[in-house]
Amino acid sequence: MTEEGTKLNWGILATGHIAGAFAEGVQHSRSGRLAAVASRSQESADRFADQFGGIANRHPSYDLLLEDPDVEAVYIATPHPMHKEWAIRAAQAGKHILCEKPIGMDFDEAEQIIAAARENDVFLMEAYMYRCSAQTAEIVRLISEGAIGEVKSIEASFSFDIGPNPDGRHLNKALGGGGILDVGGYPMSMAMLVAGVACGKGYAEPDAIKAVGHLGETGVDEYTSAVALFPGGITARLSCGVALEEPINVSIAGTEGRIFVPLPWKPAQKGGATQLQLFRPGNDDPEVIEVVSGDHLYGAEADTVARYLDARQACSPAMGWDETLGLMRALDAWKAEIGLSYGD
Ligand SMILES: NC(=O)c1ccc[n+]([C@@H]2O[C@H](COP(=O)([O-])OP(=O)(O)OC[C@H]3O[C@@H](n4cnc5c(N)ncnc54)[C@H](OP(=O)(O)O)[C@@H]3O)[C@@H](O)[C@H]2O)c1
C-alpha cells in the first residue's frame, strides 16, 4: 500500500494449512492482494496459486519470494523453528512482515526478529488473528467500561487432540511441536490483554507463573496447565494441548459479573455473528451480546497490517512488539516450569 488507494501486495511464504486460510483472508480483505506464493517445490506453489485465484508469481524457493519486486509484505507460514530465519531475511530484503505465531521459539529469537525489523525499517506483527477480530475489540470495550466491575480472575484454554500424526509438526520436537508453542500463546495472551485492560493498559505481563504438564514420548508437551498472577491481584488458569481434547473457551470473572466467550480464538472465520455471554452474580441466565462482523477473520488481520504499516507495528489489541516480547517471556517461563526445552 505504497500509494493511497492501491492495495498491499502480499507474498505467501509456505503453502501449508494456515497459509491457505490466510490467502483466503487476503482475498476477502479490504486492503490486500495476493501477488506471489513460494514453496519448497514448484508443484506446491503452482497448486496453491491455482487454488487462490491464479496468483501470478509462483516461486519454487522462499529466497525467490524475497527477491520478488512485486511483493511488499511477506506472510511467514512455516513451522515455528523456521520463523526466525525467514523473518530476519524478509526484513533484510526490505519486506514488511506478518509472521505466524509464535514469532520465534523463545524470547531470544523474538528479540532478534524485532531488532531486524527495526534496523531495516519494516512493519512486523506476530499473527494472533483473534486480536484483530471485532469480538476481541468488544471484550476490550466491556472490560474497560467496567461491565463486570473489577476483573479478578481469568480462565482460558486451547486444546485439541491431533491424533496419530507421524508426519505432522504438532508432536515433532524438531518442528517445534507441543502445546505451549502451538496454542499456549492464545490463553496466555488473552490473560495478558484482559489483565492489562483491567489495569488501564494495552497488556500486562504476569508477575508469577506456576505450571504442570505432560511431556509425551516425542519429548514435547502434550497437555499442560498454568496458573499465573497478574498485577492488581488478577489470577489466571490457563490450559493448552495438542494431544487432548478439552473445552476451548474463555471466562473472565469480575466483582459484578462474568463474561463467557464460547469461541474466543476463531470467531466467525468468514465473517458473521458470534455471541458473548454476560452473567450477573446469582443469575444463571446470561445476557447475550451479539457481535456482528462483515470481515473475514484473516482478512481483518491483513487489514490490520495495512492500517499500521507506516507505524511499523500494530497497536493493542493487535500485537505490538513489546507485547510479543512479554508473551514470549511468559511462554518461556511456562516451558521452564514443566521442564520443556528445545535446546537439545
Ligand atoms: N493463526 C492461526 O490460526 C494458525 C493456525 C495454524 C497454524 N498456525 C501457525 O502457522 C505455522 C504453520 O502451521 P501449519 O499448521 O500451517 O503447518 P503445516 O500445515 O505443516 O504447513 C507448514 C508449511 O511450512 C513449510 N515448511 C518449510 N519447512 C518445513 C519443514 N521442515 N517441515 C514441514 N514444513 C515445512 C511447508 O510449505 P512448503 O512445502 O510450501 O514449503 C509446509 O506446508 C505454525 O507456526 C503455526 O503455529 C497459525
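Helix H1 supplies the largest share of the shell around the ligand, three residues. Helices here are DSSP runs of H or I with at least four residues, strands are runs of E with at least two, and both are numbered from the N terminus.

Some ground rules. This is a predicted model: local features need pLDDT of at least 70, side-chain atom pairs count only at pLDDT 80 or more, and totals for chains, interfaces and linings use all residues. Residues are numbered from 1 along each chain as its sequence is written.

Back to the ligand. 21 residues surround it, and the closest are Thr15, Gly16, His17, Ser39 and Glu100. The shell divides into nine nonpolar, seven polar and five charged residues. For these classes, Ala, Val, Leu, Ile, Met, Phe, Trp, Tyr, Cys and Pro count as nonpolar, Asp, Glu, Lys and Arg as charged, and the others, Gly among them, as polar.

Where does the ligand lie? Domain 1 (8–129) and domain 2 (130–337) both give residues to the shell, so the ligand lies between them. The domain bounds come from an automatic or database assignment.

Now the domains themselves. Their centres, taken over C-alpha atoms, are 24 Å apart. Domain 1 puts 38 residues into the contact and domain 2 puts in 32. Contact means C-beta atoms, placed from the backbone, within 7 Å. On the domain 1 side, H1 gives the most, with six residues. That side holds 23 nonpolar, eight polar and seven charged residues.

Next, a helix pair. The axes of H6 (residues 134–144) and H7 (residues 179–198) come within 9 Å and cross at roughly 35°. Axes are lines fitted to C-alpha atoms, for helices over the stretch in contact, and angles run from 0 to 180 degrees between N-to-C directions. Val140, Ile143 and Ser144 of H6 meet Val194, Val197 and Ala198 of H7. Five of these contact residues are nonpolar, one is polar and none is charged.

Last, the sheet. Eight strands form an open, mixed sheet, in the order E8-E9-E10-E7-E11-E12-E13-E14. Strands E8 (208–215) and E14 (287–293) stand at the edges with a single partner strand each, so one side of each has no neighbour in the sheet. Pairing takes at least two DSSP bridges between two strands. The twist averages 15° from one strand to the next. H6 packs on this sheet, touching E7 (151–159), E12 (257–261), E13 (272–279) and E14.

Definitions and conventions
Two residues are in contact if their C-beta atoms, placed from the backbone, lie within 7 Å. A residue is near a molecule or strand if its C-beta atom, placed from the backbone, lies within 6 Å of it.
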